Amino acid sequence: MNASTTIGEDTTVTTRIDINADIAESFGRWSLGEDAELVGLVTTVNVACGWHAGDPSTMHRAVEMAAEAGVNVGAHPGFPDLLGFGRRPIVIDDTDAVDYVLYQVGALMGVASRFGVTLSHVKPHGAFYGSIATNADRAVAIGRALQSLQHGMPLLLAPGPGTDALRAEGLPVIADNAADLDFDEDGRNIIEPRPQARDPEHVAQQALRMACGTVLTVSGREVPMPVQTVCVHGDRPNVVAVATAVRRVLADNDVEVRSVFENDR
C-alpha cells in the first residue's frame, strides 16, 4: 500500500473495486446532478425510474450516456415520493414492495432496449433501500421476483440481514455501500435529508478503507464493511470532485477500479 494512506500498514487492500453512482435524478425542467461528467468516472450507474426522481426523457438520456461511456446500467427504484426525493419511509407490505420494483425496473428495461442495453442490476433508492437491506423477507421476495424478470439479475445492497438472506437462498446480490455518507457505531449509514458538499479527500480515504473491507464510524472506530462496490451520490453538489478524488486515491494505492460484473481474468 502507498505510504500516504491513513489506513494501518498491516491492512491488505483488495486489488479491485467497483464504483457506482446514482444518475437520472432530474425531473422535467428541473436539473440535478452532473451526469455527463459522472458517467466517465464510475464503472456502474443506477438510473432513477421516475418515482423518487427521473422521468422518461431523463431515463432515455441517462441510458444513452451510460451506453456511450461503456458503463454498467442498473435500475434505481424508489418509493413513490417525488416531494421527499424518496428519503421518507413509507409503510407497505412485501407484496407491494415487489410490485414497486418490477414496475420501475420494467419501465427502465423498455427504455434500455432501445439502445440494446441489458440491465446489469437493481439498486433500490433511499428509504426503500433501507427497508430492503434490513428486512430479510422483503429482500428475498424481491430477489426471487427479479429472477423471473431477468435470470441472474442481482440486487445491490448494504451488508446486513437482507444481503445475508439473499446469499442463504442462493440469490444474486452484490454488497454495496456509500463512501460519501457517515456511518453510525453499528456500521449503518446516517442519511442526510439534503446532501451537502463533502470533503473529496475524506470521502476518498473512506472509499479506500472500504476497498479494504472496513469503514470509520463518526466516533473514529473502524468496523467491518465487506463490499464489492462503493457508491458516490449523484445528487451531492460536488460529486464530480468527490468521484475524481476517489479514483485518484484508489489508483495511488494500487486498487484497480473495475466493474464488479466483469469475469475474473
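**Salt bridges, a helix crossing and a surface patch**

Asp 94 forms a salt bridge with Arg 138, and their closest N and O atoms are 2.8 Å apart. Because Asp 94 lies in helix H3 (residues 94-113) and Arg 138 in helix H5, this pair ties together parts that are 44 residues apart in sequence. In this predicted model, Asp 94 is partly exposed, with a relative accessible area of 23%, whereas Arg 138 is buried, with a relative accessible area of 6%.

Helix H5 (residues 136-149), which carries Arg 138, also packs with helix H6 (residues 161-168) at an angle of about 50 degrees, the axes lying 8 Å apart. That angle makes H5 oblique to H6, and the crossing of H5 and H6 is right-handed.

A search of the whole structure finds 15 salt bridges, one of which joins the side chains of Arg 236 and Glu 192 (2.6 Å, N to O). Arg 236 sits in the loop between strand E11 (229-232) and helix H8 (239-252), and Glu 192 in the loop between strand E8 (189-190) and helix H7 (200-212), 44 residues apart. Both Arg 236 and Glu 192 are buried, and they belong to a network of salt bridges that also links Asp 180, Asp 182 and Arg 198.

The side chains of Arg 248 and Glu 201 likewise meet in a salt bridge (2.2 Å, N to O). Since Arg 248 lies in helix H8 and Glu 201 in helix H7, the pair ties together parts that are 47 residues apart in sequence. Arg 248 is partly exposed, at 38% relative accessible area, and Glu 201 counts as partly exposed at 36%.

On the surface, Phe 27, Trp 30 and Leu 82 form a nonpolar patch with about 310 Å² of accessible area together.

Definitions and conventions
Residues are numbered from 1 along each chain as its sequence is written. This is a predicted model: local features need pLDDT of at least 70, side-chain atom pairs count only at pLDDT 80 or more; totals for chains, interfaces and linings use all residues. Side-chain values use heavy atoms; hydrogens and water are left out. Patches are made of residues with over 30% relative accessible area and no salt bridge: like charges are joined within 9 Å, nonpolar side chains (Val, Leu, Ile, Met, Phe, Trp, Tyr) within 5 Å. Accessible areas come from the Shrake-Rupley method with a 1.4 Å probe; for residues, only the protein chains shown count as cover. A salt bridge is a side-chain nitrogen of Lys or Arg within 4 Å of a carboxyl oxygen of Asp or Glu. Axes are lines fitted to C-alpha atoms, for helices over the stretch in contact, and angles run from 0 to 180 degrees between N-to-C directions. Helices (H or I, at least four residues) and strands (E, at least two) are DSSP runs, numbered from the N terminus. Angles under 35 degrees count as roughly parallel, over 145 as roughly antiparallel, 65 to 115 as roughly perpendicular and the rest as oblique. A crossing is left-handed if the near helix is turned anticlockwise from the far one by less than a right angle, and right-handed if clockwise. Buried means under 20% relative accessible area, exposed over 50%, partly exposed in between (1.4 Å probe, protein chains only).
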